[in-house]
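Follow the strands, the aromatic rings and the ligand site in turn. The account below takes them in that order.

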Amino acid sequence: MLIPSSIPTIRITSPEGDEATVSLFGAHVLSWKTADGQEELYLSEHADFSRNKAIRGGIPICFPQFADHGPGNFHGFARTMMWHYVDDGKPSQARFRLSATEETLSLWPHLFQVELLVALTENQLSVMLQVTNTGQKDFEFTAALHSYFRISDIAHAKINNLSGTSYLDKIDSLTNQIETRQAITFSGACDRIYYDAPDTLYLHDQKRQLLIQSKNMPDTVLWNPGHEGSMKMADMPDEDYKFMVCVEAGQIKSAITLKPNETWAGYQIITAL
Ligand SMILES: O=P(O)(O)OC[C@H]1O[C@@H](O)[C@H](O)[C@@H](O)[C@@H]1O
């Protein structure tokens, strides 16, 4: 999809020809193409680029709250703020910074600095979220890298390596269950938080395979809105639930507490195999 020029973006490239585009609104990765031209991320053609709501697709940043796990905005405010670009002078990486402002203090009364580092190497995109407490009192947060992967058909997509992991099923009456399937397939909406999930997962999409690794983000969210959910979203075409699946790396079950001057970092590293 064409990214409108009203959205300031930074484009990074690897020496091998991989490229990624990141919006300063939300420090939101909008596109990641491997050198063969394959787009790996889903971005909705109906995404709202007005800067009034989060962009549907790419990699939204959920901070300082995942979903409704707290009193603040759903998925926090980081995905709907303008971030600052920090030029490291490297064509293959981009760093973005968000610090407390009057607006963030009105939503969450803490002084903080968040950085997002996006880096490309051959067939690989790494995203690091780093949070520092720059205030005088402790704070708590939850967070996620809400990655939307582009797939050719949800009916054929499979996620491997979650067998034996416990999960909260947000669709099935918020019940806690244990995953028994070796390969997770999708038939209808899926909204699950897998707790203490393995840090290595595989997404199979017919001929393609992605290795999805996380570091220091123990929880994994699988989300697909299904047909009905897709129809309810103004910023997603009705049939697009077929062409995306979110595999989110999160720090959700246990909130992180940071004391003054402490820093936490979590990563998602995605490799096209
Ligand atoms: O529409 P939003 O705010 O971007 O959220 C999308 C989805 O994000 C997922 O992370 C949540 O588990 C879902 O419950 C939610 O519907």
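S99 has Q113 in β7 as its bridge partner. Strands here are DSSP runs of E with at least two residues, and helices are runs of H or I with at least four residues, numbered from the N terminus. The antiparallel strands β6 (residues 93-99) and β7 (residues 112-121) are joined by seven bridges; two strands pair if DSSP finds at least two bridges between them. The model is predicted, so local features need pLDDT of at least 70 and side-chain atom pairs count only at pLDDT 80 or more, whereas totals for chains, interfaces and linings use all residues. Residues are numbered from 1 along each chain as its sequence is written, and side-chain values use heavy atoms, with hydrogens and water left out.

Both strands belong to an open sheet of nine strands with antiparallel pairing, in the order β5-β6-β7-β8-β20-β17-β16-β11-β14. Its edge strands, β5 and β14 (183-184), each pair on one side only.

Next come the aromatic rings. A pair of rings is described by the distance of the centres and the angle of the planes. Rings of Phe, Tyr and Trp (its six-membered ring) pair if their centres lie within 6.5 Å; planes under 30 degrees apart count as stacked, over 60 as edge-to-face and the rest as tilted. This rule gives 14 aromatic pairs. F63 is buried, because its relative accessible area is 0%, where buried means under 20%, exposed over 50% and partly exposed in between (1.4 Å probe, protein chains only). F77 also counts as buried, at 3% relative accessibility. Ring pairs join F63 and F77 with W108, F112, F139, F141 and W264 in a cluster.

A charge also meets a ring: the charged end of K215 sits over the ring of Y267, 5.4 Å from its centre. The criterion is NZ of Lys or CZ of Arg within 6 Å of the ring centre and within 35 degrees of the ring normal.

The ligand is surrounded by residues including R56, R79, H146, D191 and E248, where a heavy atom within 4 Å is required. Polar side-chain atoms lie 3.1 Å from a ligand oxygen atom for R56 and 2.8 Å for E248. For R79, an N or O atom of the side chain is 2.9 Å from an oxygen atom of the ligand.

Conventions
Polar contact = N/O pair within 3.5 Å; in protein donor to acceptor, adjacent residues only side chain to side chain.
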